[in-house]
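Here is a set of questions and answers on loops, backbone geometry and a sheet. Look through the structure first.

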Amino acid sequence: MTNPVRNEALHDRDRIERYVWAQRRATGWSRRAVLGRLFGATAGLTASAILGGGPLSALAQTADPPIVKPTPPDKFRVLGTNRETLFEAFKGQGYLTPASLFFIRNHTATPRVEASNWSLTIDGSGVANPRSFTLDDLLALPAVTRTHAIECAGNGRSFFDSQQGTPASGSQWRLGAIGVGQWTGVPLAELLARADVKSTAVDVQPEGLDNPIGADGHVRRALPIEKALDDVLVVYGLNGQYLPSDHGFPARLLVPGWIGIANIKWLGRIEVSETPLFSAWNTTQYRLFGSVYPDEPVLTNQVVKSAFELPFPATLRPGLNLVTGRSWSGTGRIIRVDVSFDDGLTWRRAVLKQGGNLPQAWAEWQVAWPATPGSYFLRARATDHLGNTQPDTVPFNNLGYLFSAVVRHPVSVS
Ligand SMILES: Nc1nc2c(c(=O)[nH]1)N[C@H]1C(S)=C(S)[C@@H](COP(=O)(O)O)O[C@H]1N2
Ligand SMILES: [Mo]
C-alpha cells in the first residue's frame with residue numbers, strides 16, 4: 001500500500017529543505033552565537049567518579065525478548081512495542097524517574113549491544129577527521145551530568161480522540177510517555193571538535209544500532225548543527241548507573257527540550273553533513289501534517305503539559321484528599337499550575353514543591369481537595385517562565401503530536 005504523504009515528501013526534497021530552513025530561521029539559531037560557547041564549556045569529574053556499578057562486561061545482555069526490563073502491569077501500560085508508565089506510579093517517587101519506571105518507546109526491539117566491541121563513529125562530509133570512540137574513550141573524557149525529561153512527541157495522543165473527537169493514528173498514549181532522568185555523558189560538541197567539525201557543517205544525524213526498519217533503514221534523525229553544538233550530550237549514565245539496555249546502552253543522545261525521537265538510543269554512528277540530511281524520522285514522521293499546518297513543520301521542542309498522579313479514571317474517598325501531580329515544558333521552567341475540581345468552572349493555584357523544578361524537566365505540585373461524593377473532572381493547567389501555557393483545545397494534526405491541551409481527568413468520589 002502506498003502512503004501519499006510519504007511519496008509526496010520523499011519526491012520533493014526541495015520542498016522539505018525549505019521547511020527545514022524555515023524552521024531554523026523561526027527558532028532564531030545563530031551559528032556564531034553557538035560556536036562562541038563551544039570551548040567555554042564543561043570541566044568536571046570523569047565518569048568513574050560519578051557512576052557506580054561493576055565492570056561493563058557484566059552488564060552485556062544476552063536474552064532476547066523485545067524489552068529487557070520487567071514492566072509490571074501495576075506500573076506500565078502495554079502499547080504495542082512500547083510501555084507507558086502509569087502516572088500514579090510516579091507518586092512518592094521523588095523528582096527523578098527511577099530507571100525501572102522509565103517509559104519505553106521502541107520502534108522495533110531493544111538490541112543487545114556488547115560494550116566490549118562497541119564503538120561510536122563520527123563521520124561524513126562535515127568533519128575533516130572522522131573518528132571512532134569506544135566506551136572507554138567516552139568514559140575517559142570529562143563528564144557532565146544534567147537533569148532533563150525525555151518525552152515522546154506523541155505523549156497525550158489519545159486525548160485527540162477521547163477529548164476532541166478526532167482520533168490520530170499512532171500509540172494511544174495518555175500522559176505517561178515521559179520520564180525525568182539525571183543523565184551523565186560527554187557534550188556532543190566535544191566529540192565533534194575532536195573530529196574537526198567543519199564550519200560548513202549543517203546537519204548532525206545520530207543513528208541507532210537497533211534493527212533497520214525495511215527501506216527506512218536504521219532509526220535516525222538529523223539535528224541542525226547549531227543545536228548539536230549547543231547543549232546536546234552523548235550519555236552513558238542514567239541516575240548514577242550505566243544506561244539500562246532498554247534506554248540505549250551503551251550510549252544515547254540527550255537533546256534537552258526536544259521530542260523523544262531526537263534522543264537516539266544505542267548510538268552507532270553520528271553522520272555530520274554539509275548538506276541537510278533526511279530520513280523517515282524527519283520527513284514522513286515527526287512533523288505536523290494537516291490542514292492547519294500547510295508548512296508541515298519539523299518538530300523540535302516539546303510543549304507544556306500537566307498530569308495528576310492518579311489512576312485514569314480514579315476513585316477517591318470522601319474527605320480531604322491531597323491531590324498531587326507534575327507539569328513540564330520543553331522550553332523552560334514551570335512557574336505556575338492551576339487546578340480545577342469542577343471541570344474548569346473555578347480554579348485554585350497548586351503549591352509547587354520546592355527544590356527541583358528544573359528547566360526542560362518537570363515541577364511537582366499538590367492541592368488539598370475536600371471531596372464530597374460524586375463524579376468529577378479534574379483539570380490542571382501549567383505555565384512556563386516564557387508564558388507558554390496549556391490551551392483548552394489544540395488544532396488537530398494527523399499524527400497526533402504535541403497534545404498540550406488541558407486534560408479532563410475523570411474522578412469518582414465514593
Ligand atoms: N535507536 C532508537 N532510538 C530511539 C527510538 C528507537 O526506537 N530506536 N525511539 C525514540 C523515541 S520515539 C522516543 S520517545 C525515545 C524513548 O526513549 P526511552 O525508550 O528511553 O524512554 O527514544 C527515541 N530513540
Ligand atoms: Mo517518541
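This is a predicted model: local features need pLDDT of at least 70, side-chain atom pairs count only at pLDDT 80 or more; totals for chains, interfaces and linings use all residues.

Q: Is Pro65 buried, partly exposed or exposed?
A: Buried means under 20% relative accessible area, and exposed means over 50%. Pro65 has a relative accessibility of 38%. That value lies in between, so Pro65 counts as partly exposed.

Q: How far apart in space are Pro65 and Thr110, C-alpha to C-alpha?
A: In sequence, 45 residues separate Pro65 from Thr110. In space, their C-alpha to C-alpha distance is 8.0 Å.

Q: What is the form of the peptide bond from Phe249 to Pro250?
A: Most peptide bonds are trans. Pro250 sits in the loop between strand S10 (241-242) and strand S11 (252-254). From Phe249 to Pro250, omega is near 5°, and the bond is cis.

Q: What is omega for the peptide bond from Phe312 to Pro313?
A: Pro313 is in the loop between strand S13 (305-308) and strand S14 (314-316). The bond from Phe312 to Pro313 is cis. Its omega is near -5°.

Q: What is phi of Asp343?
A: Most residues other than glycine have a negative phi. Asp343 is not a glycine, yet its phi is positive. Asp343 lies in the loop between strand S16 (334-340) and strand S17 (348-349). Phi of Asp343 is about 60°.

Q: Is Asn357 buried or exposed?
A: Asn357 also has a positive phi, near 50°. The loop between strand S18 (351-352) and strand S19 (363-371) contains Asn357. Its relative accessible area is 10%. The cut-off for buried is under 20%, so Asn357 is buried.

Q: Which strands stand at the edges of the open sheet of 5 strands?
A: The order of this sheet is S14-S21-S20-S16-S17, with mixed pairing. An edge strand here has a single partner strand, so one side of it is left without a neighbour in the sheet. The edge strands are S14 and S17.

Q: Which residue in S21 is the bridge partner of Leu316?
A: S14 and strand S21 (residues 409-413) run parallel. They are joined by 3 bridges. In S21, the partner of Leu316 is Val413.

Terms used:
Residues are numbered from 1 along each chain as its sequence is written. Chains are lettered from A and ligands numbered from 1 in the order in which they are written. Side-chain values use heavy atoms; hydrogens and water are left out. Buried means under 20% relative accessible area, exposed over 50%, partly exposed in between (1.4 Å probe, protein chains only). Helices (H or I, at least four residues) and strands (E, at least two) are DSSP runs, numbered from the N terminus. Two strands pair if DSSP finds at least two bridges between them.
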